Structure formats: structure tokens, C-alpha cells
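Please keep the sequence and the model open while reading.

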Amino acid sequence: MSAAHTAATVTRVTDSPALDLLLPVDRARRFEPRDDEAELLALFDDAPARHVRANMVSTVDGGGTGPDDVSGSINGPADNRIFQVLRALADVVVVGAGTARDEGYTPLHVPASLAAERRRRGLRDPLELAVVSASGAVPAALLDADRPPFVLTTPGCPDLAELRRRVGGDHVIATGSGRDVDLGAALSALAARGLHRVLAEGGPGLLAQLVAADLIDELCLTWSPLLVGGPAPRVLRTDDWLDPPRRLVARHLLHADGTLLGRWQVARA
Ligand SMILES: NC(=O)c1ccc[n+]([C@@H]2O[C@H](COP(=O)([O-])OP(=O)(O)OC[C@H]3O[C@@H](n4cnc5c(N)ncnc54)[C@H](OP(=O)(O)O)[C@@H]3O)[C@@H](O)[C@H]2O)c1
């Protein structure tokens, strides 16, 4: 998922569509929109205290963007409803710098109507953002914001000193070597700062690496009722096959207006 997946589609919760829980069959029910989204929050709020959850959107033919090369053109109000709920359950959103640049990420805010439910669960305010970048090319709108993001980079990043100056030394986490952040070490460094509930919003390049490193616990994936063809990336962008393929255990499936919203747990070997 993405900021366009976010910002462009933010609506009042009560304007959102009702979501029908189709699976598991024995729990089938309807989630009417509610300002505090207490019921939907409860549906997703059974992950372990420390977890990494990914949230992505795809067209039915597997496109991770529309023809405009962003995901805002392939999401919709049902997806946005879940998107806000998942953010409200996270300590930190992690994105690749490509997504931060392409989707125009700005500092994150949980809608006020969800804040009480968030606080009740002991989640930190504000919701933090962490951007993964080897180059250090993180948008100025983030680096110069009142509330800058964490930057997850490497010790060899050419802009390390400048990044530390702009976002503060504690917000720059430099791990790994060459152009590869050690993603496991970076997530541990976030956890050491109290950021245990991680929401990975892509993009496809970062998500593929997180999956390959067995760092993703759960995937939430929205299928929008669209076909786009073209060169759109799939939600995992990688040249190599995942070896072995990772198995998923279906947790639930929601539906609204032709949009299907699934949740899978990654099975551990
Ligand atoms: N369908 C969805 O749900 C969804 C979600 C998000 C994004 N998107 C779309 O996906 C596209 C962007 O995805 P993407 O795959 O091109 O980019 P991405 O994964 O968001 O970002 C790639 C960039 O992240 C940094 N990076 C990733 N892994 C790294 C590592 N291990 N070490 C160091 N740096 C690392 C690098 O940044 P530097 O170049 O700065 O070194 C790299 O160029 C956009 O079109 C966006 O709209 C779709």
C-alpha cells in the first residue's frame, strides 16, 4: 500500500462501505462503518506483540500500480477503510524510498476518530514512519518535516552525515553493507526504540526482500476489481524465485462492492 493509497482516498469512516466477512464461513458477518472502527480493529488485533504485517493492493490481474505508476489509481474506499485500521494498529510504517518518492509520503497521522482505540491498546503516538534507502534520497517533505521519519540506511550511505543533521542521529539507523540495508537488524533497531508493531506498506522491491529474509509475519492484500495489463509490478518485485516458495495460511476474507480484502499469515517452517 502507499500514500496515494492513503492520502488521496481518505474519507470519513462513516462514508466508507460496509465490509462483509466471507471467510471463515462460521464467522460470516457484516462490519458496518463506525467512527471508532472498534470492531474492525478487534478483527485484526490478534497479532503477537512484536510482528511485521505487510499491506498491499493489487488489481485482479496482479498489477501493483495503475497506468499512472502509482497505487492510488487502483485502490478504493473499501481498501482505504482497512488501510486506516491497519495503520491505527501499528507503531511504525516501513516503506522503501521508491514508494516514499513515487507516492509522495508525508508524516503520518491516524484519524482522530481512531485515536482512542489506539491509545486503549497502548500504541504509541504518533504513528512513526521509517524509510529504507541506500542512496539517502528521501523526499525533503519528510526530512524537513517537524516530525521526520527514521531513515534505515547503510554505513556507506553518501549522505549519512547530512541525514543525521536533518532528522537527528537517533533517527538514522545504518546497518548492512554495500547498498543493502540489513533489514532484520534495522527492524531490531526499531524494536529497541519501542517500535514493535510494524506495518510494511511496500513497495514491491522492499516487500520481496522482507519476504525472502523471512521477516514478514502476515500479508494483507486487497484485490481491486480492475484489469490493467501493462508493465505494472506485482506486489513482490524480484528477479529470482523465492526458494522455497513461502506458504500462507488464510486468516480471513472481507468483501465490499467487488473488492476482496484478504489476510494471510506466513507459515513458519
Ligand atoms: N500496490 C501496492 O500496494 C504498492 C505499495 C507501495 C508501492 N507501490 C508502487 O510500487 C512502486 C515503487 O516500488 P519499488 O519496488 O520500485 O520501490 P520500493 O520497494 O518502495 O523502494 C525501492 C528503494 O528502496 C530502497 N531499498 C529497498 N530495499 C533496500 C535495501 N535492502 N537496502 C537499501 N535500500 C533499499 C532503495 O532506495 P534508494 O534508491 O533510495 O537507495 C530502493 O531503490 C511505485 O510505483 C509505487 O506506487 C505499490
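The largest nonpolar core has 64 residues; a nonpolar core is a set of buried Ala, Val, Leu, Ile, Met, Phe, Trp, Tyr and Cys residues joined through C-beta atoms within 7 Å. Buried means that 20 or more other C-beta atoms lie within 10 Å of a residue's own, exposed means 12 or fewer, and partly exposed is in between, with C-beta atoms placed from the backbone. The structure is a predicted model, in which local features need pLDDT of at least 70, side-chain atom pairs count only at pLDDT 80 or more, and totals for chains, interfaces and linings use all residues. Residues are numbered from 1 along each chain as its sequence is written.

**Core**

- The residues with the most contacts inside the largest core are Val 92, Val 93, Val 131, Leu 152, Val 198, Ala 200 and Leu 207.
- Helix α2 (residues 77-88) gives this core its largest share, 6 residues; helices (H or I, at least four residues) and strands (E, at least two) are DSSP runs, numbered from the N terminus.
- Leaving aside neighbours within four places in sequence, Leu 207 is in contact with Ala 54, Met 56, Ala 200, Gly 202, Val 235 and Leu 236; contact means that the C-beta atoms of two residues, placed from the backbone, lie within 7 Å.

**Arg 53**

- Arg 53 is part of strand β3 (residues 51-59).
- Arg 53 counts as buried because it has 21 C-beta neighbours inside 10 Å.
- Not counting residues up to four places away in sequence, Arg 53 touches Ala 47, Leu 86, Val 198, Leu 199, Asp 217, Glu 218 and Cys 220.
- Arg 53 and Cys 220 are 167 residues apart in sequence, and their C-alpha atoms are 7.4 Å apart in space.

**Overall fold**

- The protein chain has 8 helices and 11 strands.
- Its radius of gyration is 18 Å, close to the 18 Å that the globule rule gives for 269 residues, so the chain is as compact as a globular protein of that length. The radius is taken over C-alpha atoms, and the rule is 2.2 Å times the number of residues to the power 0.38.
- Of the 269 residues, 42% count as buried.
- Among contacts between residues at least 6 apart in sequence, 69% join residues at least 24 apart.

**Ligand shell**

- The ligand is surrounded by 37 residues, and the closest are Gly 96, Gly 98, Gly 202, Gly 203 and Gly 205; a residue is near a molecule if its C-beta atom, placed from the backbone, lies within 6 Å of it.
- At least two residues of the shell come from each of β3, β4 (92-96), α3 (97-102) and α8 (204-212).

**Backbone geometry**

- Most residues other than glycine have a negative phi, and most peptide bonds are trans.
- The peptide bond from Leu 23 to Pro 24 is cis, with omega near -5°, and Pro 24 lies in the loop between β1 (19-23) and β2 (29-31).
- The peptide bond from Asp 243 to Pro 244 is also cis, with omega near 0°.
- Glu 37 is not a glycine but has a positive phi of about 50°; Glu 37 is buried, with 23 other C-beta atoms within 10 Å.
- Asp 214, not a glycine either, has a positive phi of about 55°, and counts as exposed with 12 C-beta neighbours inside 10 Å.

**Confidence**

- The chain averages a pLDDT of 94, and 95% of the residues score at least 70; pLDDT is the predictor's confidence in each residue, from 0 to 100.
- Over residues 1-10 pLDDT stays under 50.
- Where pLDDT is low, the predicted coordinates should not be read in detail.
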